[in-house]
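Work through the exercises below with the sequence and the model open side by side. Each task is followed by a solution in steps.

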Amino acid sequence: MPVKVVSDESQASLIVDPMRTEILRLLSKQALTEKELSDIIGLSPPSIGHHLKTLTRGQLISEVRREAGAHERTG
């Protein structure tokens, strides 16, 4: 399993959020879609999408495959 050392302050500030930490924890185990994360965590898909976009912009996750209406990401 790849490990990323976060030494950049802007990246570190992204993982202080407990929801983003949980998303990263889940994605570290397996790739999940926005819908799957929504079902597991109990947040709406748009809320999960917001967190995923933030983590992607911060280069903490990347999109693996895109299907109609679904975004699969890895940690």
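**Exercise 1. The overall layout**

Task: State how many helices and strands the protein has, and in what order the elements run.

Solution. The structure is a predicted model. Its secondary structure comes to four helices and three strands. Read from the N terminus, the order is α-α-β-α-α-β-β.

Next, consider burial and surface. Of the 75 residues, 33% are buried.

**Exercise 2. Helix α2 against helix α3**

Task: Describe how α2 and α3 cross, and list the residues that make the contact.

Solution. Two packed helices are described by the angle between their axes and the distance between the axes. Start with those two values. Helix α2 covers residues 18-29 and helix α3 covers residues 34-41; their axes come within 11 Å and cross at roughly 115°. The crossing of α2 past α3 is right-handed.

Then list the contact residues. α2 contributes Met 19, Glu 22, Ile 23, Leu 26 and Leu 27, while α3 contributes Leu 37, Ile 40 and Ile 41. Sorted by class, this contact holds seven nonpolar residues, no polar ones and one charged residue.

**Exercise 3. Helix α3 against helix α4**

Solution. Helix α4 spans residues 45-57, and the axes of α3 and α4 come within 9 Å and cross at roughly 115°. α3 passes α4 in a right-handed crossing.

The contact uses Glu 34, Leu 37, Ser 38 and Ile 41 from α3, together with Pro 45, Pro 46, Ile 48, Gly 49 and Leu 52 from α4.

**Exercise 4. Helix α2 against helix α4**

Task: Find the crossing angle of α2 and α4, and name the residues in contact.

Solution. The axes of α2 and α4 come within 10 Å, crossing at roughly 80°. That angle makes α2 roughly perpendicular to α4.

On the α2 side the contact is made by Met 19, Arg 20, Ile 23, Leu 24 and Leu 27; on the α4 side by Ile 48, His 50, His 51, Leu 52, Thr 54 and Leu 55. The class count for this contact is seven nonpolar, three polar and one charged.

**Exercise 5. Thr 54**

Task: Is Thr 54 buried or exposed, and which residues does Thr 54 touch, not counting those up to four places away in sequence?

Solution. Locate the residue: Thr 54 lies in helix α4. Its relative accessibility is 10%. Buried means under 20%, so Thr 54 counts as buried.

With residues up to four places away left out, Thr 54 touches Leu 14 and Arg 20. Arg 20 is 34 residues away along the chain, and the C-alpha atoms of the pair are separated by 9.0 Å.

**Exercise 6. Gln 59**

Task: Where is Gln 59 placed, and is Gln 59 buried or exposed?

Solution. Gln 59 sits in the loop between α4 and β2, the latter being residues 62-67. Its phi is positive, about 60°, although Gln 59 is not a glycine. For exposure the cut-off is over 50%; Gln 59 has a relative accessible area of 59% and is exposed.

Note on methods. Residues are numbered from 1 along each chain as its sequence is written. This is a predicted model: local features need pLDDT of at least 70, side-chain atom pairs count only at pLDDT 80 or more; totals for chains, interfaces and linings use all residues. Side-chain values use heavy atoms; hydrogens and water are left out. Helices (H or I, at least four residues) and strands (E, at least two) are DSSP runs, numbered from the N terminus. Buried means under 20% relative accessible area, exposed over 50%, partly exposed in between (1.4 Å probe, protein chains only). Axes are lines fitted to C-alpha atoms, for helices over the stretch in contact, and angles run from 0 to 180 degrees between N-to-C directions. A crossing is left-handed if the near helix is turned anticlockwise from the far one by less than a right angle, and right-handed if clockwise. Contact means heavy atoms within 4.5 Å. Ala, Val, Leu, Ile, Met, Phe, Trp, Tyr, Cys and Pro count as nonpolar, Asp, Glu, Lys and Arg as charged, and the others, Gly among them, as polar. Angles under 35 degrees count as roughly parallel, over 145 as roughly antiparallel, 65 to 115 as roughly perpendicular and the rest as oblique.
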